[in-house]
Amino acid sequence: MNDRDYRVSDDELHAYVDDELPADRRGAVEAWLAAHPDDASKVAAWRSQAELLRARYGGVAAEKPPERLDVARLACRRRNGWIAAAAAAALAAFLIGGAAGWFARGIEATSPSDLARFTTDALDAYRLYVVEVRHPVEVPGEQRPHLMEWLSKRVGTPLRAPELDKVGLKLVGGRLLPGPTGATAFFMYEAPSGERFTLYCGRTSNRDTALRYTTGEQNAAYYWVDGDLAYVLSGPAEQEKLRTIAQAAYDQIDTHAPQRGG
Amino acid sequence: MVLFEKKSFAAKTGARLSDFRQRIEATIPALRRYARALTRDSETADDIVQDTLVRALRSEHLFHGGDVRAWLYTILTNLNRNRLRSLSRRPTLTPIKDGDAAMMGPEAGGRDIARALDELAEEQRAALLLVVLEGLSYREVAEVQSVPIGTVMSRLARARMQIKAYLDGERPPLRRVK
(Lines give C-alpha, C1' and ligand atoms only; values in the text may rest on other atoms or scores of the structure.)
Protein backbone atom coordinates (compact mmCIF):
# COMPACT_ATOMS: atom_id res chain seq x y z
CA MET A 1 0.00 0.00 0.00
CA ASN A 2 1.26 3.43 -0.80
CA ASP A 3 1.79 5.35 2.45
CA ARG A 4 1.36 8.62 0.68
CA ASP A 5 -2.25 7.80 -0.30
CA TYR A 6 -3.15 6.01 2.88
CA ARG A 7 -5.15 8.13 5.27
CA VAL A 8 -4.17 7.49 8.87
CA SER A 9 -7.33 6.78 10.88
CA ASP A 10 -8.10 8.02 14.38
CA ASP A 11 -7.89 4.41 15.56
CA GLU A 12 -4.31 4.34 14.40
CA LEU A 13 -3.56 7.61 16.13
CA HIS A 14 -4.87 6.23 19.41
CA ALA A 15 -2.90 3.04 18.91
CA TYR A 16 0.18 5.15 18.20
CA VAL A 17 -0.24 7.07 21.46
CA ASP A 18 -0.82 3.86 23.41
CA ASP A 19 2.09 1.93 21.85
CA GLU A 20 -0.31 -0.53 20.27
CA LEU A 21 0.70 0.21 16.72
CA PRO A 22 2.57 -2.47 14.76
CA ALA A 23 6.19 -1.39 14.42
CA ASP A 24 5.96 -1.20 10.63
CA ARG A 25 3.25 1.48 10.80
CA ARG A 26 4.99 3.87 13.16
CA GLY A 27 7.02 5.55 10.46
CA ALA A 28 3.95 6.14 8.30
CA VAL A 29 1.99 7.62 11.21
CA GLU A 30 4.87 9.89 12.21
CA ALA A 31 5.18 11.13 8.63
CA TRP A 32 1.42 11.74 8.54
CA LEU A 33 1.56 13.73 11.79
CA ALA A 34 4.39 15.86 10.47
CA ALA A 35 2.22 16.79 7.50
CA HIS A 36 -1.11 17.16 9.36
CA PRO A 37 -0.90 19.66 12.23
CA ASP A 38 -4.56 19.11 13.25
CA ASP A 39 -3.93 15.44 13.91
CA ALA A 40 -0.60 16.26 15.56
CA SER A 41 -2.34 18.59 18.01
CA LYS A 42 -4.95 15.91 18.74
CA VAL A 43 -2.19 13.46 19.57
CA ALA A 44 -0.48 16.07 21.75
CA ALA A 45 -3.74 16.72 23.62
CA TRP A 46 -4.24 13.00 24.30
CA ARG A 47 -0.69 12.73 25.58
CA SER A 48 -1.16 15.67 27.87
CA GLN A 49 -4.39 14.14 29.23
CA ALA A 50 -2.41 11.01 30.06
CA GLU A 51 0.22 13.07 31.83
CA LEU A 52 -2.44 14.91 33.85
CA LEU A 53 -3.99 11.61 34.92
CA ARG A 54 -0.65 10.14 35.94
CA ALA A 55 0.30 13.31 37.80
CA ARG A 56 -3.01 13.32 39.63
CA TYR A 57 -3.32 9.64 40.55
CA GLY A 58 0.11 8.07 40.04
CA GLY A 59 1.16 8.91 43.60
CA VAL A 60 -1.59 6.72 45.09
CA ALA A 61 0.42 3.61 44.19
CA ALA A 62 3.29 4.86 46.35
CA GLU A 63 1.10 5.32 49.45
CA LYS A 64 1.19 2.70 52.16
CA PRO A 65 -2.12 0.81 51.87
CA PRO A 66 -4.35 1.02 54.95
CA GLU A 67 -4.35 -1.95 57.33
CA ARG A 68 -7.78 -3.07 56.29
CA LEU A 69 -6.28 -4.07 52.94
CA ASP A 70 -3.73 -6.42 54.50
CA VAL A 71 -4.06 -9.68 52.56
CA ALA A 72 -2.93 -11.95 55.40
CA ARG A 73 -5.48 -10.37 57.69
CA LEU A 74 -8.32 -10.55 55.16
CA ALA A 75 -7.50 -14.18 54.36
CA CYS A 76 -7.21 -15.07 58.02
CA ARG A 77 -10.48 -13.41 58.92
CA ARG A 78 -12.15 -15.33 56.15
CA ARG A 79 -10.81 -18.68 57.31
CA ASN A 80 -11.09 -18.46 61.06
CA GLY A 81 -13.37 -15.80 62.27
CA TRP A 82 -15.56 -14.97 59.34
CA ILE A 83 -18.65 -16.93 60.28
CA ALA A 84 -18.43 -16.02 63.95
CA ALA A 85 -17.82 -12.37 63.17
CA ALA A 86 -20.67 -12.24 60.68
CA ALA A 87 -23.03 -13.93 63.12
CA ALA A 88 -22.05 -11.57 65.93
CA ALA A 89 -22.41 -8.55 63.69
CA ALA A 90 -25.81 -9.72 62.45
CA LEU A 91 -26.98 -10.23 66.01
CA ALA A 92 -25.72 -6.81 67.04
CA ALA A 93 -27.40 -5.21 64.05
CA PHE A 94 -30.61 -7.00 64.90
CA LEU A 95 -30.48 -5.82 68.51
CA ILE A 96 -29.74 -2.28 67.46
CA GLY A 97 -32.71 -2.38 65.15
CA GLY A 98 -31.19 -2.22 61.71
CA ALA A 99 -32.07 -5.83 61.01
CA ALA A 100 -34.04 -5.31 57.83
CA GLY A 101 -31.34 -3.26 56.17
CA TRP A 102 -28.63 -5.60 57.25
CA PHE A 103 -30.26 -8.72 55.87
CA ALA A 104 -31.24 -6.94 52.70
CA ARG A 105 -27.57 -6.20 52.10
CA GLY A 106 -26.51 -9.78 52.72
CA ILE A 107 -23.90 -10.87 55.20
CA GLU A 108 -21.02 -11.18 52.79
CA ALA A 109 -21.70 -8.11 50.71
CA THR A 110 -19.58 -5.12 51.51
CA SER A 111 -21.90 -2.38 52.61
CA PRO A 112 -21.71 1.06 51.01
CA SER A 113 -19.61 3.36 53.08
CA ASP A 114 -21.10 4.91 56.22
CA LEU A 115 -20.53 8.19 54.51
CA ALA A 116 -22.94 7.49 51.67
CA ARG A 117 -25.56 5.81 53.86
CA PHE A 118 -25.56 8.50 56.51
CA THR A 119 -25.78 11.27 53.96
CA THR A 120 -28.60 9.63 52.02
CA ASP A 121 -30.62 8.91 55.15
CA ALA A 122 -29.98 12.37 56.56
CA LEU A 123 -31.12 14.07 53.38
CA ASP A 124 -34.21 11.86 53.23
CA ALA A 125 -35.07 12.82 56.80
CA TYR A 126 -34.41 16.47 56.04
CA ARG A 127 -36.77 16.47 53.06
CA LEU A 128 -39.39 14.57 54.99
CA TYR A 129 -39.52 16.73 58.09
CA VAL A 130 -38.47 20.17 56.96
CA VAL A 131 -41.85 20.76 55.29
CA GLU A 132 -43.74 19.65 58.39
CA VAL A 133 -45.60 22.58 59.89
CA ARG A 134 -47.34 21.22 62.96
CA HIS A 135 -45.14 18.30 64.01
CA PRO A 136 -41.60 18.86 62.78
CA VAL A 137 -40.13 17.43 65.99
CA GLU A 138 -41.07 15.07 68.80
CA VAL A 139 -39.56 17.08 71.63
CA PRO A 140 -39.45 20.88 71.31
CA GLY A 141 -36.26 22.89 71.79
CA GLU A 142 -37.62 24.49 74.98
CA GLN A 143 -37.17 21.11 76.65
CA ARG A 144 -33.51 20.88 75.67
CA PRO A 145 -32.23 19.02 78.77
CA HIS A 146 -34.93 16.36 78.44
CA LEU A 147 -34.37 16.11 74.69
CA MET A 148 -30.63 15.60 75.12
CA GLU A 149 -31.01 13.08 77.91
CA TRP A 150 -33.51 11.01 75.94
CA LEU A 151 -31.62 10.99 72.65
CA SER A 152 -28.23 10.37 74.30
CA LYS A 153 -29.73 7.34 76.02
CA ARG A 154 -31.25 5.96 72.84
CA VAL A 155 -28.21 6.58 70.63
CA GLY A 156 -26.04 5.17 73.40
CA THR A 157 -23.51 7.94 73.75
CA PRO A 158 -23.62 11.47 75.22
CA LEU A 159 -24.87 13.84 72.55
CA ARG A 160 -24.72 17.56 72.28
CA ALA A 161 -26.93 19.69 70.06
CA PRO A 162 -24.78 22.69 69.15
CA GLU A 163 -26.08 26.15 69.95
CA LEU A 164 -26.29 27.99 66.67
CA ASP A 165 -27.71 31.34 67.82
CA LYS A 166 -24.52 33.01 66.65
CA VAL A 167 -25.33 32.05 63.07
CA GLY A 168 -28.96 33.06 63.57
CA LEU A 169 -30.53 29.66 64.16
CA LYS A 170 -32.84 28.56 66.92
CA LEU A 171 -33.27 24.91 67.97
CA VAL A 172 -36.78 23.83 66.98
CA GLY A 173 -36.31 20.48 68.70
CA GLY A 174 -35.42 16.91 67.90
CA ARG A 175 -36.61 13.42 67.21
CA LEU A 176 -35.38 9.84 67.17
CA LEU A 177 -34.94 8.12 63.81
CA PRO A 178 -33.70 4.76 62.56
CA GLY A 179 -30.34 5.18 60.83
CA PRO A 180 -27.68 3.15 59.05
CA THR A 181 -26.15 1.99 62.34
CA GLY A 182 -29.20 2.05 64.61
CA ALA A 183 -30.85 4.78 66.65
CA THR A 184 -30.06 8.22 65.28
CA ALA A 185 -30.70 11.68 66.68
CA PHE A 186 -32.21 14.35 64.46
CA PHE A 187 -32.16 18.01 65.43
CA MET A 188 -33.95 20.78 63.58
CA TYR A 189 -32.93 24.43 63.54
CA GLU A 190 -34.77 27.38 62.11
CA ALA A 191 -33.74 30.82 60.89
CA PRO A 192 -35.97 33.89 61.47
CA SER A 193 -36.78 33.70 57.75
CA GLY A 194 -38.26 30.23 58.29
CA GLU A 195 -35.41 28.43 56.56
CA ARG A 196 -34.70 25.11 58.23
CA PHE A 197 -31.54 23.12 58.75
CA THR A 198 -31.16 19.71 60.32
CA LEU A 199 -28.36 17.91 62.10
CA TYR A 200 -28.40 14.12 61.87
CA CYS A 201 -26.18 12.25 64.24
CA GLY A 202 -25.51 8.55 64.73
CA ARG A 203 -22.80 6.15 65.76
CA THR A 204 -20.16 5.08 63.29
CA SER A 205 -17.01 2.99 63.27
CA ASN A 206 -15.67 5.17 60.50
CA ARG A 207 -12.55 7.04 61.53
CA ASP A 208 -12.23 9.23 58.47
CA THR A 209 -13.01 12.61 59.95
CA ALA A 210 -12.68 14.77 56.84
CA LEU A 211 -15.44 17.29 56.27
CA ARG A 212 -17.30 16.43 53.08
CA TYR A 213 -19.89 18.20 51.02
CA THR A 214 -22.63 16.69 48.94
CA THR A 215 -25.28 18.36 46.89
CA GLY A 216 -28.52 17.38 45.24
CA GLU A 217 -30.86 19.53 43.19
CA GLN A 218 -32.32 21.52 46.07
CA ASN A 219 -30.63 20.30 49.22
CA ALA A 220 -27.08 19.89 50.28
CA ALA A 221 -25.24 18.43 53.24
CA TYR A 222 -21.97 18.48 55.10
CA TYR A 223 -20.76 15.23 56.62
CA TRP A 224 -18.07 14.71 59.23
CA VAL A 225 -17.05 12.32 61.99
CA ASP A 226 -16.08 13.22 65.53
CA GLY A 227 -15.14 10.41 67.88
CA ASP A 228 -17.66 7.59 67.40
CA LEU A 229 -20.35 9.84 65.97
CA ALA A 230 -21.09 10.78 62.39
CA TYR A 231 -22.82 14.10 61.75
CA VAL A 232 -24.70 15.30 58.70
CA LEU A 233 -25.82 18.89 58.48
CA SER A 234 -28.48 19.32 55.79
CA GLY A 235 -30.11 22.41 54.36
CA PRO A 236 -31.01 24.27 51.20
CA ALA A 237 -28.36 24.01 48.48
CA GLU A 238 -26.56 27.25 49.27
CA GLN A 239 -23.06 26.09 49.95
CA GLU A 240 -21.64 29.20 51.59
CA LYS A 241 -24.46 29.52 54.09
CA LEU A 242 -24.46 25.82 54.84
CA ARG A 243 -20.73 25.89 55.27
CA THR A 244 -20.89 28.69 57.85
CA ILE A 245 -23.44 26.71 59.86
CA ALA A 246 -21.56 23.42 59.50
CA GLN A 247 -18.41 25.15 60.64
CA ALA A 248 -20.14 26.58 63.72
CA ALA A 249 -21.60 23.18 64.62
CA TYR A 250 -18.33 21.42 63.90
CA ASP A 251 -16.34 23.81 66.09
CA GLN A 252 -18.65 23.36 69.06
CA ILE A 253 -18.76 19.61 68.80
CA ASP A 254 -15.04 19.46 68.26
CA THR A 255 -13.91 21.70 71.10
CA HIS A 256 -16.43 20.92 73.84
CA ALA A 257 -16.42 17.72 75.78
CA PRO A 258 -19.83 16.09 75.54
CA GLN A 259 -22.10 16.94 78.43
CA ARG A 260 -22.96 13.84 80.34
CA GLY A 261 -26.66 13.23 80.52
CA GLY A 262 -27.55 16.43 78.64
CA MET B 1 9.08 -1.34 58.28
CA VAL B 2 6.05 -2.40 56.33
CA LEU B 3 7.65 -5.73 55.51
CA PHE B 4 8.46 -6.35 59.13
CA GLU B 5 4.87 -5.71 60.24
CA LYS B 6 3.50 -8.07 57.66
CA LYS B 7 5.96 -10.82 58.54
CA SER B 8 5.26 -10.61 62.22
CA PHE B 9 1.53 -10.65 61.61
CA ALA B 10 1.87 -13.69 59.39
CA ALA B 11 4.05 -15.38 61.98
CA LYS B 12 1.55 -14.66 64.74
CA THR B 13 -1.32 -16.18 62.82
CA GLY B 14 0.75 -19.02 61.48
CA ALA B 15 -0.27 -17.99 57.97
CA ARG B 16 2.24 -18.17 55.17
CA LEU B 17 1.43 -16.10 52.17
CA SER B 18 0.93 -18.40 49.23
CA ASP B 19 2.27 -17.43 45.84
CA PHE B 20 -1.28 -16.53 44.84
CA ARG B 21 -1.66 -14.18 47.79
CA GLN B 22 1.72 -12.63 47.16
CA ARG B 23 0.68 -11.81 43.64
CA ILE B 24 -2.55 -10.29 44.93
CA GLU B 25 -0.66 -8.27 47.48
CA ALA B 26 1.78 -6.95 44.90
CA THR B 27 -1.15 -5.59 42.88
CA ILE B 28 -2.76 -3.63 45.74
CA PRO B 29 -0.97 -0.31 45.09
CA ALA B 30 -2.06 -0.36 41.45
CA LEU B 31 -5.61 -1.38 42.38
CA ARG B 32 -5.82 1.53 44.81
CA ARG B 33 -4.59 3.94 42.14
CA TYR B 34 -7.14 2.66 39.63
CA ALA B 35 -9.98 2.71 42.18
CA ARG B 36 -9.09 6.23 43.30
CA ALA B 37 -9.27 7.56 39.76
CA LEU B 38 -12.38 5.53 39.03
CA THR B 39 -14.30 6.83 42.07
CA ARG B 40 -12.47 10.13 42.83
CA ASP B 41 -13.02 9.41 46.54
CA SER B 42 -10.38 7.73 48.66
CA GLU B 43 -12.71 6.06 51.13
CA THR B 44 -15.00 4.63 48.48
CA ALA B 45 -11.94 3.54 46.50
CA ASP B 46 -10.51 1.55 49.40
CA ASP B 47 -13.94 0.04 50.10
CA ILE B 48 -13.98 -1.33 46.57
CA VAL B 49 -10.38 -2.55 46.75
CA GLN B 50 -11.17 -4.34 50.01
CA ASP B 51 -14.22 -5.98 48.47
CA THR B 52 -12.14 -6.98 45.46
CA LEU B 53 -9.52 -8.61 47.69
CA VAL B 54 -12.11 -10.47 49.74
CA ARG B 55 -13.72 -11.85 46.61
CA ALA B 56 -10.39 -12.81 45.10
CA LEU B 57 -9.27 -14.59 48.25
CA ARG B 58 -12.55 -16.41 48.48
CA SER B 59 -12.05 -17.69 44.94
CA GLU B 60 -8.46 -18.82 45.45
CA HIS B 61 -9.42 -22.45 44.85
CA LEU B 62 -10.97 -21.49 41.49
CA PHE B 63 -7.83 -19.87 40.22
CA HIS B 64 -5.71 -22.08 37.97
CA GLY B 65 -2.89 -19.84 36.83
CA GLY B 66 -3.24 -16.95 34.44
CA ASP B 67 -2.96 -13.25 34.96
CA VAL B 68 -3.91 -12.40 38.56
CA ARG B 69 -3.61 -8.70 37.84
CA ALA B 70 -6.09 -8.64 34.96
CA TRP B 71 -8.46 -10.79 36.97
CA LEU B 72 -8.34 -8.34 39.89
CA TYR B 73 -8.96 -5.40 37.56
CA THR B 74 -11.96 -7.27 36.22
CA ILE B 75 -13.45 -7.82 39.68
CA LEU B 76 -12.84 -4.22 40.65
CA THR B 77 -14.34 -2.83 37.45
CA ASN B 78 -17.47 -4.95 37.90
CA LEU B 79 -17.85 -4.04 41.55
CA ASN B 80 -17.65 -0.37 40.73
CA ARG B 81 -20.26 -0.73 38.01
CA ASN B 82 -22.58 -2.50 40.46
CA ARG B 83 -21.93 0.20 43.01
CA LEU B 84 -22.87 2.94 40.58
CA ARG B 85 -26.05 1.12 39.65
CA SER B 86 -27.09 0.73 43.25
CA LEU B 87 -26.09 4.28 44.11
CA SER B 88 -27.48 5.90 41.00
CA ARG B 89 -30.26 7.50 42.98
CA ARG B 90 -28.01 8.71 45.77
CA PRO B 91 -26.41 12.15 45.88
CA THR B 92 -22.89 12.59 44.57
CA LEU B 93 -20.20 13.08 47.18
CA THR B 94 -17.40 15.50 46.57
CA PRO B 95 -14.60 15.50 49.10
CA ILE B 96 -13.44 18.97 50.03
CA LYS B 97 -10.50 20.52 51.78
CA ASP B 98 -10.17 24.04 53.06
CA GLY B 99 -9.13 26.35 50.29
CA ASP B 100 -9.76 23.71 47.68
CA ALA B 101 -11.26 24.78 44.39
CA ALA B 102 -14.03 22.25 45.02
CA MET B 103 -15.24 24.54 47.83
CA MET B 104 -16.52 26.95 45.27
CA GLY B 105 -19.02 24.47 43.89
CA PRO B 106 -19.04 22.84 40.51
CA GLU B 107 -19.69 26.02 38.54
CA ALA B 108 -16.86 28.17 39.79
CA GLY B 109 -14.22 25.47 40.16
CA GLY B 110 -11.23 24.88 37.93
CA ARG B 111 -11.46 22.58 34.97
CA ASP B 112 -9.19 19.85 36.21
CA ILE B 113 -8.71 16.28 35.11
CA ALA B 114 -10.76 14.79 37.98
CA ARG B 115 -13.78 16.79 36.93
CA ALA B 116 -13.20 15.85 33.35
CA LEU B 117 -13.38 12.19 34.48
CA ASP B 118 -16.69 12.93 36.17
CA GLU B 119 -18.17 13.83 32.81
CA LEU B 120 -17.47 10.44 31.28
CA ALA B 121 -19.75 7.45 31.11
CA GLU B 122 -18.53 4.72 33.44
CA GLU B 123 -17.33 2.27 30.78
CA GLN B 124 -15.41 5.00 28.96
CA ARG B 125 -13.75 6.11 32.17
CA ALA B 126 -12.73 2.54 33.02
CA ALA B 127 -11.33 1.92 29.53
CA LEU B 128 -9.32 5.13 29.54
CA LEU B 129 -7.89 4.57 33.04
CA LEU B 130 -6.98 0.95 32.37
CA VAL B 131 -5.04 1.95 29.26
CA VAL B 132 -3.50 5.24 30.32
CA LEU B 133 -3.03 4.90 34.08
CA GLU B 134 -2.67 1.14 34.48
CA GLY B 135 -0.88 0.39 31.22
CA LEU B 136 -3.08 -2.51 30.14
CA SER B 137 -3.10 -3.45 26.47
CA TYR B 138 -6.26 -3.05 24.39
CA ARG B 139 -6.60 -6.82 24.43
CA GLU B 140 -6.42 -6.97 28.23
CA VAL B 141 -8.97 -4.18 28.59
CA ALA B 142 -11.28 -6.03 26.19
CA GLU B 143 -11.07 -9.05 28.50
CA VAL B 144 -11.62 -6.97 31.64
CA GLN B 145 -14.69 -5.31 30.14
CA SER B 146 -15.87 -8.44 28.26
CA VAL B 147 -16.22 -6.57 24.97
CA PRO B 148 -14.48 -6.74 21.56
CA ILE B 149 -11.30 -4.70 21.08
CA GLY B 150 -13.15 -2.40 18.68
CA THR B 151 -15.50 -1.40 21.50
CA VAL B 152 -12.56 -0.66 23.78
CA MET B 153 -11.11 1.60 21.09
CA SER B 154 -14.33 3.49 20.57
CA ARG B 155 -14.72 3.97 24.33
CA LEU B 156 -11.18 5.27 24.49
CA ALA B 157 -11.78 7.61 21.56
CA ARG B 158 -14.96 9.03 23.08
CA ALA B 159 -13.34 9.46 26.48
CA ARG B 160 -10.43 11.38 24.98
CA MET B 161 -12.69 13.52 22.85
CA GLN B 162 -14.89 14.46 25.79
CA ILE B 163 -11.98 15.21 28.09
CA LYS B 164 -10.43 17.41 25.45
CA ALA B 165 -13.70 19.27 24.96
CA TYR B 166 -14.08 19.68 28.72
CA LEU B 167 -10.54 20.90 29.30
CA ASP B 168 -10.83 23.25 26.31
CA GLY B 169 -13.76 24.82 28.13
CA GLU B 170 -16.69 23.70 26.05
CA ARG B 171 -19.94 22.96 27.78
CA PRO B 172 -20.47 19.23 28.19
CA PRO B 173 -22.93 18.15 25.47
CA LEU B 174 -25.88 16.82 27.45
CA ARG B 175 -25.49 15.51 30.95
CA ARG B 176 -25.80 11.80 30.73
CA VAL B 177 -28.75 10.30 32.51
CA LYS B 178 -27.79 7.46 34.81
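## The hairpins of chain A

In chain A, 3 residues link S5(A) to S6(A) in a hairpin. The model described here is a predicted one. S5(A) and strand S6 (residues 219–226) of chain A are paired in the antiparallel sense, with 4 bridges. Within this part of the chain, A:Ala220 in S6(A) stands opposite A:Thr215.

Strand S6(A) also pairs with strand S7 (residues 229–236) of chain A, again in the antiparallel sense, and this pairing runs over 8 bridges. A:Val225 has A:Ala230 in S7(A) as its bridge partner. A hairpin is formed by S6(A) and S7(A), with 2 residues between them. In that turn, A:Gly227 has a positive phi of about 65 degrees.

Is S6(A) largely enclosed or largely open? Of its 8 residues, 7 are buried, so S6(A) is largely enclosed by the rest of the structure.

## The two chains in outline

Chain A contains 8 helices and 7 strands. Buried residues account for 31% of its 262 residues. When contacts in chain A between residues at least 6 apart in sequence are considered, 56% of them join residues at least 24 apart.

Chain B has 9 helices and 1 strand. Read from the N terminus, its elements follow the order α-α-α-α-β-α-α-α-α-α. Chain B has 178 residues, of which 34% are buried. For contacts in chain B between residues at least 6 apart in sequence, the share that joins residues at least 24 apart is 62%.

## Where the chains meet

The contact between the chains involves 47 residues of chain A and 50 residues of chain B. On the side of chain A that touches chain B, at least two residues each come from helix H1 (10–17), helix H3 (37–57), helix H4 (71–96), helix H6 (114–129) and strand S5 (212–215) of chain A. H3(A) provides the largest share of this side, with 9 residues. Sorted by class, the side of chain A that touches chain B consists of 23 nonpolar, 11 polar and 13 charged residues.

One helix pair across the two chains can be described in detail. The axes of H1(A) and H9(B) lie 10 Å apart, and the helices pack at an angle of about 85 degrees. The angle makes H1(A) roughly perpendicular to H9(B). A:Asp10, A:Asp11 and A:His14 of H1(A) make the contact with B:Met153, B:Leu156 and B:Ala157 of H9(B). By class, the contact of H1(A) with H9(B) comprises 3 nonpolar, 1 polar and 2 charged residues.

## Helix packing within chain B

Helix H9 (residues 149–167) of chain B also packs against helix H8 (residues 138–145) of chain B, at an angle of about 100 degrees and with the axes 8 Å apart. H8(B) is therefore roughly perpendicular to H9(B). From H8(B), the residues B:Tyr138, B:Arg139, B:Val141, B:Ala142 and B:Gln145 meet B:Ile149, B:Val152 and B:Met153 in H9(B). The contact of H8(B) with H9(B) has 6 nonpolar, 1 polar and 1 charged residues by class. B:Met153 takes part in this contact and also in the contact of H9(B) with H1(A).

A second pair within the chain consists of H2(B) and helix H7 (residues 122–132) of chain B, whose axes come within 10 Å and cross at roughly 145 degrees. The crossing of H2(B) past H7(B) is right-handed. Here B:Tyr34, B:Ala37 and B:Leu38 in H2(B) meet B:Arg125, B:Ala126 and B:Leu129 in H7(B). By class, the contact of H2(B) with H7(B) has 5 nonpolar, no polar and 1 charged residues.

B:Ile24 lies in helix H2 (residues 19–39) of chain B. Why does B:Ile24 count as buried? It does so because B:Ile24 has 25 C-beta neighbours inside 10 Å, where 20 or more are needed.

Leaving aside residues up to four places away in sequence, B:Ile24 touches B:Leu53, B:Ala56, B:Val68 and B:Leu72, together with A:Val71 from chain A. B:Leu72 is 48 residues from B:Ile24 along the chain, with 7.9 Å between their C-alpha atoms.

Note on methods. Residues numbered from 1 in each chain as written. Chains lettered and ligands numbered in written order. Predicted model: local features only at pLDDT ≥ 70, side-chain atom pairs only at ≥ 80, totals over all residues. Buried ≥ 20, exposed ≤ 12 C-beta atoms within 10 Å, placed from the backbone. Contact = placed C-beta atoms within 7 Å. Nonpolar A, V, L, I, M, F, W, Y, C, P; charged D, E, K, R; others polar. Pairing = 2+ DSSP bridges. Axes fitted to C-alpha atoms, helices over the stretch in contact; angles between N-to-C directions. Parallel < 35°, antiparallel > 145°, perpendicular 65-115°, else oblique. Left-handed = near helix turned anticlockwise from the far one by under 90°.
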